[in-house]
Amino acid sequence: MSLLFLSLLFTLSCHSLADLIGDTCKKTLYPDLCISTLRSNPSSLAADVKGLARIMFYATAVKATATLNRVNMLLKKTNDVVLIGALENCVSEYASALDEIYTANKNVGSDIFAVKGVAADLVAESQDCEDTFTDGPYKRKSPLTAENNVLGDLAGLGIEIVDSLVETLSVIQFPSSFTTFNK
């Protein structure tokens, strides 16, 4: 009997946590990307909303690292001075983005406004890398459009998950005795 109860409790717990991912992601601009990103990390099964935000920033760091590696590979393969300049700008943007991702991850749960600001910077840095190819007199097609778009989307999802964390915190009810400061 107790084994049946524990099995039922475990099943309900897993279902509840799976719903947290779905409930959190359905509020975002990219619910499919959100769900697939979070579910691809086994830690998400036991995570609260703060944990989901950290997992999203971790996924963002993985994508930024892979993109930075691709940029470095492209730099080794080209002699085109204009392309080299654009790619070197992207190296700078992605190196900065990685620093900011770790700052955002560290501040999840303690400084939500800093997290949102840093994540917004990530979106801007991926766009700045992309713009490097289309601004100025030597416009060319960016070899990093897909990577820049995904990084921006992941960072945006991080912001939206942090926003849902703020919503979660704002519905916490305090006892009525906490509202009687001037009595």
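Guide: In the largest nonpolar core, which has 42 residues, Leu38, Phe57, Phe133, Leu144 and Ile161 touch the most other members. A nonpolar core is a set of buried Ala, Val, Leu, Ile, Met, Phe, Trp, Tyr and Cys residues joined through side-chain atoms within 4.5 Å; buried means under 20% relative accessible area, exposed over 50% and partly exposed in between, with a 1.4 Å probe and protein chains only. Among the elements that give two or more residues to this core are helix H2 (31-39) and helix H3 (49-77), and H3 gives the most, with eleven residues. Helices are DSSP runs (H or I, at least four residues), numbered from the N terminus.

This is a predicted model, in which local features need pLDDT of at least 70 and side-chain atom pairs count only at pLDDT 80 or more, while totals for chains, interfaces and linings use all residues. Residues are numbered from 1 along each chain as its sequence is written, and side-chain values use heavy atoms, with hydrogens and water left out.

The buried residues of H2 are Cys34, Thr37 and Leu38. They fall within an arc of 90° seen down the axis of H2, so they line one face of the helix; the arc is that of the directions from the helix axis to the C-beta atoms. Cys34, Thr37 and Leu38 meet Leu52, Ile55, Met56 and Ala59 in H3, where contact means heavy atoms within 4.5 Å.
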